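Reader: I am new to this structure and would like to learn how to read it feature by feature. Could you give the general idea each time, and then the case at hand?

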Amino acid sequence: MSEPVLRVRGLCKNFGGLAAVDSVSLEVNTGELHAVIGPNGAGKTTLINLLSGDQTASAGTIMFFGMELSRLAPEQRSRLGIGRSYQRTNIFTTFTVFENCRLAAQSRAPRPFDWLRDAYSDPAVAHQARQALDAVGLAKRAQEPALALSHGEQRQLEIAMCLATGPQLLLLDEPLAGMGAEESVKMIELIGNLAESQAILLVEHDMDAVFQLAKVLTVMADGKVIATGTPEAIRANRDVQIAYLGAAEELPG
Amino acid sequence: MPNITLTRAPLLVALVLLVLFPLVGSTFYLQLGAKIMIMAIFALSLDLLVGHAGMVSLGHAAYFGVAAYALALISPKYEAANLWLTLPLAVGAAALAALIVGAFVVRTGGVYFIMATLAFAQMIYAVFHDTKIAGGSDGIYITVRPDLSVAGFKPLNLESPSEFYYLALILLAMVFWFLNQLLHAPFGRALAGIRMNEQRMRSIGYPVFAYKLAAFVLAGALAGLAGYLAACQFGFVNPDILAWHQSGIVLMMIILGGMGRLHGAVIGAFAYVFLQEVLSTPAVVGVYAKHWQLPMGALIVAIVLVLPHGIGGFFDIAVRRYRFRQSEDAKDQP
Amino acid sequence: MVLLIQILNAVQYGLLLFLLSSGLTLIFGIMGVINLAHGSFYMVGAYLAYWLARTTGSLWLALPLAVLIAFAIGLLLETAIFSRLYRRDHLYQVLLTFGLILIFEELRSIAFGDDVHGIAVPALLNFSIPLTDTLSYPVYRLFVTLVCLVIAGLMYFVIHKTRTGMRIRAGNSNREMAASLGVNMPLLFALVFASGVALAAFAGAIAAPISSVFPGMGSQILIICFVVVVIGGIGSINGALIASLAVGLADTLGKVIAAEYSAIAVYLVMAIILLWRPQGIANKA
């Protein structure tokens, strides 16, 4: 068994006396979408923040291809190959769709402080941006301002921006948030395609998506992991049922 | 495409007019023109920082002053200093000051950044005003303007008003061109992203602190260039050029002309100096000429309340609305 | 004994600073407005006191009148101008209040000229208490200290023991929440702002016999107030008190020890606090 892309051990985040994330451990491998689910307030977004570097962990280790991440700033983690999408759409609203991705791709260009060249004259960066837009299906909207996109399209742009940086691990924070039925289907298809070639950690509330996409599920409640396993095992797990439904019943999905 | 495309024609016209001006202008207007162009460089430097990197500094006059004082301190008492030597040194001193201060203040943001820049600028002011290091509140005179001679050849004689005017014009054009390049280049695009959404820039891999610090130092260096020229022109430096009042004035200029557009900074500098001259001319306003800051202050208040994007921005928005409406109408056609 | 005099001076100066900075920090904390013109209100108070004392012949009359006029000016300014600044970017607040400074300075210049003026200490308090054979301390300064302490006490009482004060504290920590709980925010803002102006004016008026009345007095004291607000923490009255006294001490003693470097030292402390603990000493992170 090769080294997992992401290995988390005993990750904790304390706010005063409150443990928002309490000794969480999990692993993510390429081609194996790992979903994290749980009721509201379970600590899922905090977990993603700890992994992306937006918040600093109080204790525990995060190993990315065997490299310890806890001390690294978000930009450093991104450069190592981690892409993170946000629950509340976090794009550059007044830039064009293309510029959003181009800027993301530019971060990997060899001369960041270049002040001589025109930014738009770099073919490699432009190509990367266009590829990312193609992958999410937004190529036709490239020249429009990001504001003009529908909510679902903006969520797609969120992901395109991550892809434009060429990541090896994707941390997706509720990509389906606020989406209608039709848009969700497209997004699920997109994530499914990505899951084949990427390592993905997906935080989601939408159970359809989760049970369609995930190969591994981790269930969190009150900051702790209460179960980890395959979708079938989780569905039948009593603790999970109690945490979600307050009683031991079958979970939908 | 980012919204910083320049309309070429008006710029070229302006440039030609500026180049031809010395043929018709009197000495007074040549000096005024040079002063405006120096202020335009100062305003451009702040526009980079505030308008493009989104970092509101209330202490920018410090770097203007450091370079001016640098020239005063290294100039021989009764001879001309060599421009080729003193200009880089003065600008370098300003850049160094900006680097040291920036290393501390760029860590902060928002209102704390505003106050931190003010605090450090006041510290620098106190050094020049309270101590004997640089003549205290009396200031230092620069009796002879710097000399441009190199290997016996003297391209410009700065003692001549028209030639000093041309130096200012050349440098303004260079700074303008340089900043335009910069804003279209990867570095400039990154700054625009940082201004809009710093957190996202970090999360896609940009070392935001390094970019902001670089912008801060660059802005400081360009302010230093303006300060050097101002010292040359005025022939006298004193702590007032570093006062926070000055930092407020240059902030006013970029709002007056429209922030975030290079030509806005230049327009703002022209507008401010022009207004100042008009409002302080007894022939125009009579007895209240001495109190020109009153209508100036009232104008600023009015502009902030009514025209938040400045004069230049007002026109930009009007043009954009007109174009948008045109395209909307076109869409309605079957 | 000379040290005692310096400490008394420092406390007096510190308390005056507190009157000024408390207004500034509240306006900052509750309304989120960075107000560069606050120093101008100090100047307005001093010049009002000078003019009213000259016309009425009595500083005792001039003081309350100056405060009332300043309060009215504050209400006017808030409704006409500052209420539009609450949602604006700090850059525009800085610019607008900077424009206000210019306006106030020129109005002052037109009305009173640019000379330095003095106000006579009221006859009732115009004597000194002997401390030693050779040294004595002016009673007026003690009076100023006492009055500032009383006002500080009143402020503490109002803010911590009254319902209005409770609303102010609520508005300070969470504006939206306070508004949704039915607090009349516009009225509260207007009152807080006008009170801040009145406090600043009062400080200028009562200090005038000591520090005299001169152009630029507003700008000078504004910067020091900023230092106090930063060190004490935005929005914190307690912090403003501690920081005012600290700055008062540092400034007064600093001038005695190393006059050239005292100002530099004060700004250095401000810079250090901004970098190490930007929320100030009294606020939580």
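Reader: Which way do the residues of strand 6 (residues 82-85) of chain A point, and are they buried or exposed?

Author: Helices (H or I, at least four residues) and strands (E, at least two) are DSSP runs, numbered from the N terminus. A residue is called buried if 20 or more other C-beta atoms lie within 10 Å of its own, exposed if 12 or fewer, and partly exposed in between, with C-beta atoms placed from the backbone. In strand 6 of chain A, Ile82(A) and Arg84(A) point one way while Gly83(A) and Ser85(A) point the other way, and all are buried. This is a predicted model, in which local features need pLDDT of at least 70, side-chain atom pairs count only at pLDDT 80 or more, and totals for chains, interfaces and linings use all residues. Residues are numbered from 1 along each chain as its sequence is written, while chains are lettered from A and ligands numbered from 1 in the order in which they are written.

Reader: What does strand 6 of chain A pair with, and in which sense?

Author: Strands of a sheet pair through backbone hydrogen bonds, either parallel or antiparallel. Two strands are taken to pair if DSSP finds at least two bridges between them. Here strand 6 of chain A has four bridges with strand 7 (residues 169-173) of chain A, in the parallel sense, and Ile82(A) is found opposite Leu169(A). Strand 7 of chain A is in turn joined by five bridges to strand 8 (residues 199-203) of chain A, again running parallel, with Leu172(A) and Leu202(A) as bridge partners.

Reader: What is the order of the strands in the open sheet of six strands in chain A?

Author: The order is 6-7-8-3-9-10, and the pairing is mixed. Strand 6 and strand 10 (224-229) of chain A are the edge strands, each pairing on one side only. From one strand to the next, the twist averages 15 degrees; for such angles, axes are lines fitted to C-alpha atoms, for helices over the stretch in contact, and the values run from 0 to 180 degrees between N-to-C directions.

Reader: Which strands does helix 1 (residues 44-52) of chain A lie across?

Author: For packing one looks at contacts, and two residues are in contact if their C-beta atoms, placed from the backbone, lie within 7 Å. Helix 1 of chain A lies across strand 3 (34-37), strand 6, strand 7, strand 8 and strand 9 (216-221) of chain A, and runs at about 150 degrees to strand 7 of chain A.

Reader: Into which domains is chain A divided?

Author: Domain bounds come from an automatic or database domain assignment. For chain A this gives domain 1 (1-81 + 167-180 + 197-253) and domain 2 (91-166), whose centres, taken over C-alpha atoms, are separated by 27 Å. Seven residues of domain 1 of chain A are in contact with eight residues of domain 2 of chain A.

Reader: How many residues does each side give to the contact between chain A and chain B?

Author: Chain A gives 26 residues and chain B gives 20 residues. On the side of chain A, helix 2 (74-80) and helix 3 (97-106) are the elements that give two or more residues. Chain A and chain C, by comparison, are joined by no contact, and their closest C-alpha atoms lie 12 Å apart.

Reader: How many helices and strands are there in chain C?

Author: Chain C has eleven helices and two strands, and 49% of its 285 residues count as buried. Of the two pairs of chains in contact, chains B and C share the most contacts.
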